[in-house]
Amino acid sequence: MNKKRLFTQSLIAAAITLAASQQALAAGFQLNAQSATGLGRAFAGDAVIADNASAMSRNAAAMSLFDAPAISLGINAIDTDISVKNASYTNAISQQSGSINDQSVGDISYAPNIYYIHPINEKWTVGAGIYSNFGTKTEFSDDYAANEYGGMTDVKSVNFALSASYRIDQQWSVGGGLDVIYGAGKLKRSDKALEAALPGDGPLLDVDADGVAFGWNIGTVYELNEDNRFGLSYRYSPELEAEGDMYYQPGGGDISNEKLLMPLPDMAEFSGFHKLNDTFAVHYSVQWIGWSAFDKLETTGGKELNSYEWKDGWHYALGGTYYLNNDWTLRAGYMYDTSAQDEKTSISVPDSDRQWFSSGFTYHLDAKSNIDFGITYLVGKDINASESTMVPNQGQGPAFIEASSVTATTRANAWLYGIQYSRSF
């Protein structure tokens, strides 16, 4: 094999290592979009408030707070505004170096949900739900020079939940359930100069795959009295095995006979709710997300795409509810959301510490049914992202040299909107 061919294939392997793995991690990008009610208070107190059936998505034990069957169904929209600006790109193969155009890579994603809770007797309650905990979508233009680091990603997940709760006594309840998680994703990475130097006729990476995995959750609720209660829950998220059409140049082209292993993070949440008087309540949550579970992204055939260094994330949320009258309930909330990325950064998955500013309301159609609306503005920070591709040095000097790199300033903001209908029977 000549030096040019070895250099080219090494460059492609390293490029895929950085670009594909970072975006594949977007399959584990957490969505806080389980209900419009929660969205209107920045999900503060959602593991214990239990004002409609969506409570089961955060804590199965909260179902014990229902004394009648209840149903909720709705949809949340996530409108992301992701900018990649002031970028500079260098590629040794194409001899390209210099600044490149700014990009806006956000899009609108939708997260529908439906929940049903059914008390069996004074002790037992069961429930079922369909919602999403993970998903993202970004897409760079086809002519973007640094598409070995950008490209396109569209990743979605659906959680099918079956849960049960048991009331131990007047103060303690416990609950748990099974999560059946379906995930699907499309990933594309390309570099015309690299592709032209190869005998193959495909892009650097082209994946269209899906898979199913099983997780579980447990939780508890402690009721100090009618107006003060606390909730604690833990959710185990599995490693998802995705299969489908996969083309990967460093892996020899078509690797559709293999599966892509994508770990998802576990989550734990503590919430409190305190009704101070007939018109006002405060509530809060602290959530931990185990992003550090990501050690590598690989296939079942042993092809390691990347090792990476994400860190555990935290959400701190505080909210308030104002019971205006029999028809209207108003709410607001604030969340501080810490970044999962640490030393390694990415233009394809811009991430930073974020602030959530939320508000919403409930309109009671009658004594047993209502409409909820929630809205959140999510504000990120400017991050100086830097990615590079190192390949073996074919001459004298250091063992590895930099073959391509990109630097840019990234920022990710978003608007989230939710509407929901709930009814008890």
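Author: Gladly, and let us begin with a definition: buried means under 20% relative accessible area, exposed means over 50%, and partly exposed is in between. Please keep in mind that this is a predicted model.

Reader: Thanks! Is S405 buried or exposed?
Author: S405 sits in strand β23, which covers residues 400-424. Its relative accessible area is 13%, and the limit for a buried residue is under 20%. Because 13% falls below that limit, S405 is buried.

Reader: Which residues is S405 in contact with, leaving aside its neighbours within four places in sequence?
Author: Contact here means heavy atoms within 4.5 Å. With those sequence neighbours left aside, the contacts of S405 are S88, Y89, T90, Y149, E387 and S388.

Reader: Now the backbone. What is the phi of A42, and is A42 buried or exposed?
Author: A42 belongs to the loop between α2 (36-39) and β1 (70-91). Its phi is positive, about 55°, although A42 is not a glycine. Its relative accessibility is 0%, so A42 counts as buried.

Reader: And N86, is that residue buried or exposed?
Author: N86 lies in strand β1 and has a positive phi of about 55° although it is not a glycine. Its relative accessible area is 57%, and exposed means over 50%. Therefore N86 is exposed.

Reader: Let us look inside. Which residues have the most contacts within the largest nonpolar core?
Author: In soluble globular proteins, nonpolar side chains tend to be buried together. In this model the largest nonpolar core has 18 residues. Those with the most contacts inside it are M56 and I117.

Reader: What is I117 in contact with, apart from its neighbours within four places in sequence?
Author: The list for I117 includes A53, M56, M63, F66 and A68.

Reader: How many residues does the second, separate core have?
Author: Among the members of this second core are I82, I100, V105 and F140. The core is separate, and its residue count is 15.

Reader: Where is M63 found, and is M63 buried or exposed?
Author: M63 has its place in the loop between α2 and β1. Leaving aside neighbours within four places in sequence, M63 is in contact with residues including M56, I117, S163, A164 and S165. With a relative accessibility of 0%, M63 counts as buried.

Reader: How far apart in space are M63 and Y116, C-alpha to C-alpha?
Author: Along the sequence, M63 and Y116 are 53 residues apart. In space, their C-alpha to C-alpha distance is 10.0 Å.

Reader: Now the surface. What is the accessible area of the nonpolar patch?
Author: The patch is formed by L73, I114, I130, F160, L162, L178, Y182, V212 and F214. Strands β7 (152-167), β8 (172-189) and β9 (205-225) each supply at least two of its residues. Together, the patch residues have an accessible area of about 780 Å².

Reader: One of them is I130. How accessible is I130?
Author: I130 is in strand β5, residues 124-131. Its relative accessibility is 35%, and values between the buried limit of 20% and the exposed limit of 50% are partly exposed. So I130 counts as partly exposed.

Reader: What about charges: which residues are linked in a network with R41?
Author: A salt bridge joins R41 and D46, with the closest N and O atoms 2.6 Å apart. R41 also forms a salt bridge with D51, where the closest N and O atoms are 2.8 Å apart. In this network, R41 is linked with D46 and D51.

Key
Residues numbered from 1 in each chain as written. Predicted model: local features only at pLDDT ≥ 70, side-chain atom pairs only at ≥ 80, totals over all residues. Heavy atoms only, no water. Helix = DSSP H or I, 4+ residues; strand = E, 2+ residues; numbered from the N terminus. Buried < 20%, exposed > 50% of the residue type's maximum accessible area, 1.4 Å probe, protein only. Core = buried A, V, L, I, M, F, W, Y, C linked by side-chain atoms within 4.5 Å. Patch = residues over 30% accessible without salt bridge, like charges linked within 9 Å, V, L, I, M, F, W, Y side chains within 5 Å. Areas by Shrake-Rupley, 256 points an atom, 1.4 Å probe, with all protein chains shown as cover. Salt bridge = Lys/Arg side-chain N within 4 Å of Asp/Glu carboxyl O.
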